[in-house]
Amino acid sequence: MERPSHSEFYRQMLRIRRFEETVLDQFPRGDFYGTTHTYIGQEADAVGVLHHLEHGDVVVSNHRCHGHFLAYGGSMQALAAELMGRKGGVCGGRGGSQHVQWMDFYANGILGGTLPLAAGMAMAEKLADSGRIVVTFMGDGTLGEGVVYESLNLASLWKLPILYVLENNLYAQSTPITHNLAGTIPGRFQAFDIPAMEVNTTDVLEILNQAGNAIEKVRHGNGPQALVLQTYRFSPHSKGDDTRDPAEIERFRKLDPLKIHAERVPEADRISIEKTVENEVTAAFAAARAEPPADPAALTQALDGAG
Ligand SMILES: Cc1ncc(C[n+]2csc(CCOP(=O)(O)OP(=O)(O)O)c2C)c(N)n1
Ligand SMILES: [Mg+2]
């Protein structure tokens with residue numbers, strides 16, 4: 001697959017960053033329904049991994065799904081509208097921030113509940129001999145859910161075509177990983193004979209390479225693989241709930257994937273991308289806000305594939 005330019009990777013990550021910053025800025029206006037979890041700092045994971053998707057591959061995402069959805073190719077306006085409960089939202093305004101479904105992209109906010117979904121979808125693809133794979137994203141804290149291990153067991157036993165992308169941002173809400181995880185993250189996968197590759201970088205190009213290797217193995221019938229990505233979120237877990245030491249957050253800023261990658265982008269391109277993305281985000285939120293609210297009567301109707 002042809003590799004996009006440095007500028008294109010920068011654009012993709014910046015779209016996520018500015019979308020999420022806008023969500024946090026605008027949350028106090030009361031326009032959004034339910035809660036939200038932003039992806040600021042983790043952009044390189046979604047962009048580096050999902051670059052390798054082929055048509056028909058399935059993505060199963062979690063509560064922190066906006067970045068995954070935008071990197072998948074979902075519409076920014078439809079995502080903004082979904083958060084606002086508008087008719088033109090990805091799911092007609094029914095799902096909100098955590099329950100986004102479009103084409104072969106499925107997000108679910110129940111921690112761990114995504115792994116059996118991913119296993120079932122991968123089983124379907126395998127039985128159909130479609131050659132398609134499933135990529136599923138999960139956080140470090142999700143390793144505390146028992147259903148994760150039932151799912152890993154069957155996925156391994158049945159050699160299902162799944163890539164587990166574990167985004168280790170060191171926290172489950174406010175609980176640091178040192179307080180909730182015994183052993184190692186790769187060890188959790190390896191216990192089920194699932195090879196796990198640890199990637200200790202926030203550089204989109206390195207993630208791209210490692211994800212490419214892992215996806216290649218999944219595509220060639222080697223069964224499930226895991227990619228453990230070391231990352232950090234600069235935003236609070238949800239909106240204002242941050243109990244981390246501000247000095248720690250500042251320390252991690254040197255790992256900001258946008259800063260790392262921006263150095264490879266010619267200045268003129270960077271400035272032009274920043275302007276274009278700014279305009280895109282402003283227009284997306286304005287258009288979403290101008291849409292009518294979801295009609296409760298439509299709840300029993302099938303979705304028309306909006307998004
Ligand atoms: C079954 C379940 N329990 C609790 C929650 C509430 N909750 C949402 S996100 C979260 C922390 C998740 O941590 P992690 O898996 O590390 O993902 P991160 O938020 O760091 O991306 C919790 C406890 C939930 N969504 N589902
Ligand atoms: Mg986490």
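Which polar backbone atom is 2.7 Å from an oxygen atom of ligand 1? Keep that in mind as you open this predicted model.

**Stop 1: the ligand**

Select ligand 1 and the residues around it. The shell holds 15 residues, and H63, R64, G109, G141 and T142 come nearest. Color the shell by class. You will find 4 nonpolar, 8 polar and 3 charged residues.

**Stop 2: the polar contacts**

Now select G141. A polar atom of the G141 backbone sits 2.7 Å from an oxygen atom of ligand 1, which answers the opening question. Next, pick N169. Here the side chain takes part: one of its N or O atoms is 2.8 Å from a ligand oxygen. Move on to Y171. A backbone N or O atom of Y171 lies 2.9 Å from an oxygen atom of ligand 1. Then show the ligand surface. On its own, ligand 1 has 580 Å² of accessible area, and the protein covers 75% of that.

**Stop 3: the sheet**

Switch to a cartoon view. Look for an open sheet of 7 strands with mixed pairing. Trace the order: β2-β3-β1-β4-β5-β9-β8. Select 101-102 for β2 and 196-199 for β8; these are the edge strands, each pairing on one side only.

**Stop 4: inside the sheet**

Select residues 58-61, strand β1, and residues 134-139, strand β4. The two run parallel and are joined by 3 bridges. Click V59. Its bridge partner in β4 is V135.

**Stop 5: a helix across the strands**

Finish with residues 204-219, helix α8. Helix α8 lies across β4, β5 (162-168), β8 and β9 (225-230). Against β9, the helix runs at about 165 degrees.

Technical notes. Residues are numbered from 1 along each chain as its sequence is written. Chains are lettered from A and ligands numbered from 1 in the order in which they are written. This is a predicted model: local features need pLDDT of at least 70, side-chain atom pairs count only at pLDDT 80 or more; totals for chains, interfaces and linings use all residues. Side-chain values use heavy atoms; hydrogens and water are left out. A residue is near a molecule or strand if one of its heavy atoms lies within 4 Å of it. A polar contact is a pair of N or O atoms within 3.5 Å; within protein, one must be able to donate a hydrogen and the other to accept it, and residues adjacent in sequence count only if both atoms are side-chain atoms. Accessible areas come from the Shrake-Rupley method with a 1.4 Å probe; for residues, only the protein chains shown count as cover. Ala, Val, Leu, Ile, Met, Phe, Trp, Tyr, Cys and Pro count as nonpolar, Asp, Glu, Lys and Arg as charged, and the others, Gly among them, as polar. Two strands pair if DSSP finds at least two bridges between them. Helices (H or I, at least four residues) and strands (E, at least two) are DSSP runs, numbered from the N terminus. Contact means heavy atoms within 4.5 Å. Axes are lines fitted to C-alpha atoms, for helices over the stretch in contact, and angles run from 0 to 180 degrees between N-to-C directions.
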